[in-house]
Amino acid sequence: MLTDIVAGAAGNEAANRYGRFMELREAILERLALVRDPELGASIVDLGMVGEVSVDQGVARVAVALTTAACPLRGPIERDVRDAVLGIDGISEVLIDLGVMDPGAKASLMKTARRLAQARAPLTSIPRDAPVIMVASGKGGVGKSSVAANLAVALARLGRHVGVLDADIWGFSLARLLDITGEVQVRGKKMVPLERDVDPGRVSLLSMGHLADERSALMWRGLVVQKAVAQFIEDADWSGIDVMVVDTPPGTGDIVMTLARLLPHMGQIVVTTPSRAAQEVAARSADFASRSNIRLLGVVENMSGFACECGRQHSPLGVGGGEDLARDLGSELLARIPLRADLVGGGDDGQPVALSEGEEGVFRGLARRILDLAPGLAPVGCTARLLDALETAVTHAATYSTP
Ligand SMILES: Nc1ncnc2c1ncn2[C@@H]1O[C@H](COP(=O)(O)OP(=O)(O)O)[C@@H](O)[C@H]1O
Ligand SMILES: [Mg+2]
């Protein structure tokens, strides 16, 4: 007890020992904070990998939890921890208890890691205030590419210069859907997206379809594919765009991970069909989004029921799936796009229906809603805000200073 410790000389000694113990423990934690996980580049303390730390007669005991027991980096981490702690005056030996993180700690580590990776995301030519909207779904064939193409066109018809990144490397389709074909030019080491004027705006597209024929794209694998996506982002000239739409392959594989890493302020819309059975699959990509710090903007239900000329409503693919999913995700249903033959036809001949939609058109409505939601996607960090303030002040001073 503390009262016992502070009573008498023996107590004083114990208090001193206790103080020394705390000092050493503090010093150990300070040193451990400098040890970085080699893969994530972040402090193992920040990543929550350090557990119990104790000292007894110069012997330090440190618990370190790894993401997996077979972590190939356990050797280097162990070595760095030992070196860091042995450098402290008063520590003669270090015992390291290597363990494995529990699922909760692991999930929070992944979140931190992604946030850190996003904070260090490489600079791209995408303007800082241009929102990036990823169109995703758990599975193929639900209409992602059709939604992406029509959303892009609708945004352009609202006067925006829309960058479109077709990140579906194997299943690219946007060159055909938007009828933007040709050869990509390189200017100053950057690929220049191909353009199509959509009055009063414009659509600029980069797609694997511009670089490879379908057969050779199929042979691309893993790393090469990630590199291709990274190049479309980093080595392309996206300057001047107001907003970017990204079409993705189904699911949450490597390509989507790469996008999440390189486009930190990306928001996601999840496309689903009205079938209730499809919800679980769609929910997975939303779940992935939240784990990767990607903001979910909402759900688009595609292939919804339609009113036929006979006056009856037909819903061959079911009813209510989009609403259910939006509710389950605590998000909103952004649009309900009916099954319609002209969507297929428009896709085939490169004339998306959004080109000829009126004021009340479903894609126009979706585009407006996206523009409403998008400003929240590009949060300007403190440093950037400070820089902006400085710049304004300097310009102001330069304008009003007397010569
Ligand atoms: N609302 C719709 N009505 C009718 N057909 C549609 C609709 N949306 C998409 N399609 C068609 O469904 C097929 C799959 O669409 P696509 O956009 O390629 O899906 P994904 O990109 O998710 O694989 C295409 O043939 C497309 O023309
Ligand atoms: Mg597609």
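**Exercise 1. Which residue forms a salt bridge with Asp80, and how far apart are the closest N and O atoms?**

Solution. The model is predicted.
- Step 1: find the partner. Asp80 pairs with Arg79 in a salt bridge.
- Step 2: read the distance. The closest N and O atoms are 3.3 Å apart. The cut-off for a salt bridge is 4 Å, so the pair qualifies.
- Step 3: Asp80 has a relative accessible area of 25% and is partly exposed. Arg79 is also partly exposed, at 49%.
- Step 4: Side chains of opposite charge can pair when their charged atoms come close.

**Exercise 2. Locate the partners of the salt bridge between Asp237 and Arg187, and classify the exposure of Asp237 and of Arg187.**

Solution. 
- Step 1: confirm the contact. The two side chains meet in a salt bridge, with 3.5 Å from N to O.
- Step 2: place each residue. Asp237 sits in the loop between helix 8 (222-234) and strand 10 (243-247). Arg187 belongs to strand 6 (residues 185-187). The partners are 50 residues apart, and the pair links distant parts of the chain.
- Step 3: classify. Asp237 has 23% relative accessibility and counts as partly exposed. Arg187 reaches 54%, so it falls over the 50% limit and is exposed.

**Exercise 3. Which residues are closest to ligand 1, and which elements give two or more residues to its shell?**

Solution. 
- Step 1: define the shell. Ligand 1 is surrounded by 15 residues. The closest are Gly141, Lys144, Ser145, Ser146 and Asn302.
- Step 2: A backbone N or O atom of Gly141 is 2.8 Å from an oxygen atom of ligand 1. The side chain of Ser146 places an N or O atom 2.5 Å from an oxygen atom of the ligand. The side chain of Asn302 has an N or O atom 2.9 Å from a nitrogen atom of ligand 1.
- Step 3: Ligand 1 taken alone exposes 560 Å², and the protein buries 75% of that.
- Step 4: assign elements. Helix 5 (144-157), strand 12 (295-304), strand 15 (333-338) and helix 12 (341-348) each give two or more residues. Helix 5 gives the most, with 3 residues.
- Step 5: sort by type. The shell divides into 7 nonpolar, 6 polar and 2 charged residues.

**Exercise 4. How many helices and strands does the chain have, and what percentage of its residues count as buried?**

Solution. 
- Step 1: count elements. The chain has 14 helices and 15 strands.
- Step 2: take the buried share. Of 403 residues, 43% count as buried.
- Step 3: examine the surface. The chain exposes about 20500 Å², with carbon and sulfur atoms supplying 54% of it.
- Step 4: check contact range. Take the contacts between residues at least 6 apart in sequence: 76% of them join residues at least 24 apart.

Conventions: Residues are numbered from 1 along each chain as its sequence is written. Chains are lettered from A and ligands numbered from 1 in the order in which they are written. This is a predicted model: local features need pLDDT of at least 70, side-chain atom pairs count only at pLDDT 80 or more; totals for chains, interfaces and linings use all residues. Side-chain values use heavy atoms; hydrogens and water are left out. A residue is near a molecule or strand if one of its heavy atoms lies within 4 Å of it. A polar contact is a pair of N or O atoms within 3.5 Å; within protein, one must be able to donate a hydrogen and the other to accept it, and residues adjacent in sequence count only if both atoms are side-chain atoms. Accessible areas come from the Shrake-Rupley method with a 1.4 Å probe; for residues, only the protein chains shown count as cover. Helices (H or I, at least four residues) and strands (E, at least two) are DSSP runs, numbered from the N terminus. Ala, Val, Leu, Ile, Met, Phe, Trp, Tyr, Cys and Pro count as nonpolar, Asp, Glu, Lys and Arg as charged, and the others, Gly among them, as polar. Buried means under 20% relative accessible area, exposed over 50%, partly exposed in between (1.4 Å probe, protein chains only). Contact means heavy atoms within 4.5 Å.
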